[in-house]
Amino acid sequence: MALLCLLGGALGAVHGLRARPLMMSADVSRLSAVAPIFDWVASHGGDVSRVRVSETSAMGLGLEAAKPTRRGDVLLSVPESLAITAESALRSEILGPYLAEFEPELADYSFIAVALLNEERLGDQSPLSLWLSSASRSITDDLPLLWDKDAQAELEQSTAAPFAERRASAQTDFAWLQENVFDQAPMVFPSSVFSESQFLRALSEAISRSVYVQPDSSDEPARLALMPLLELTNHAAEPSATVSFCSASPGFLGRGESPATVQLLAVGDVAEGQPVYTKYADATQGELLVDYGFISEPVRPYFELKQ
């Protein structure tokens, strides 16, 4: 008996969808490459003692609790100084003057993408080089902006996955940057680094790996940040942690001061060895696919035809 499952908006017609790519041999080297990043974050004032990197066949690299953690406790803290944000791009002496009039359709994501490319251009001169050059950050073509043209065309026909709009916005942002920034200062923005393909790759990283940071004041909106270690958290509809900002502490008489940090807070008790999940966004399956390259569970058909 043949069974035909028709998925809403042709989403099910896209071949090979799964929650996460299966573990490949490359992930073994990625796993070992994370250890220096833990040490590096700790050397800048972060607290990495309550989490460790883990791997699963379903989700690849992720974080898990290294010791039992109570609800409300800090699982991980990373200094804000190690973040790539729209604000850090606009404050940059190199980028700021060129990006002052940039009003991207993809907002903070495009600022982060340009800043990421600039840090990569700086190479060993970048203060973030240990993190950004790590083998743990290898990106795959699972993200739709990096798919081949045939697969993208198939996805664009979906009414459940808003890929056509996302792709058009990415092209619009790059076109503005190329005309008003990259072509105007080729010595600062060499085409070998700031090409369309490299921008789309950096943009895909910004979209899929940035975290929404909740402010420590209810008067401020959440903001996006691309950060070491925090980018390793996997998604769950029922998360075990949230991401929050913690202001710098001056300490007492100049001692015991601590930097501003972005923290991973447990939303419930987390046992040792339990995976640490955040909720990437309140998104549909199609939106998860477009932004993160996966669907979190099998997509149910609208109806079935049996023969």
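## Strand β9 and T261

Strands here are DSSP runs of E at least two residues long, numbered from the N terminus. In this predicted model, one such run is β9, covering residues 261-266, and T261 belongs to it.

Is T261 buried or exposed? With a relative accessibility of 6%, T261 counts as buried, since the cut-off for that label is under 20%. Leaving aside residues up to four places away in sequence, T261 touches S77, V78, P79 and E80, along with S244, F245 and C246.

Next up is α2, which spans residues 35-43 and has I37, F38, W40 and V41 buried. Look down the axis of α2 and its buried residues fall within an arc of 165 degrees, so they line one face of the helix.

After α2 comes G45, with a positive phi near 100 degrees.

## The cavities

How many cavities of 30 Å³ or more turn up in a search of the whole structure? There are two. The largest has a volume of about 40 Å³, and its lining is made up of L143, P144, L145, S204, I207, S208, V290 and D291. Helix α9 (196-209) gives the most to that lining, with three residues, while α10 (285-292) supplies at least two. By class, the lining has five nonpolar, two polar and one charged residues.

The second largest cavity, at about 30 Å³, is lined by V34, I37, W131, S136, L229, E231 and L232. I37 is one of the buried residues of α2.

Terms used
Residues are numbered from 1 along each chain as its sequence is written. This is a predicted model: local features need pLDDT of at least 70, side-chain atom pairs count only at pLDDT 80 or more; totals for chains, interfaces and linings use all residues. Side-chain values use heavy atoms; hydrogens and water are left out. Buried means under 20% relative accessible area, exposed over 50%, partly exposed in between (1.4 Å probe, protein chains only). Helices (H or I, at least four residues) and strands (E, at least two) are DSSP runs, numbered from the N terminus. The arc is that of the directions from the helix axis to the C-beta atoms. Contact means heavy atoms within 4.5 Å. On a 1 Å grid over the protein atoms alone, a cavity is a set of points where a 1.4 Å probe fits but cannot get out, and a pocket is an open set with protein on both sides within 12 Å along at least five of seven lines; lining residues have an atom within 4 Å of a point. Grid points are joined across faces, edges and corners, and a volume is the space filled by probe spheres set on the points. Ala, Val, Leu, Ile, Met, Phe, Trp, Tyr, Cys and Pro count as nonpolar, Asp, Glu, Lys and Arg as charged, and the others, Gly among them, as polar.
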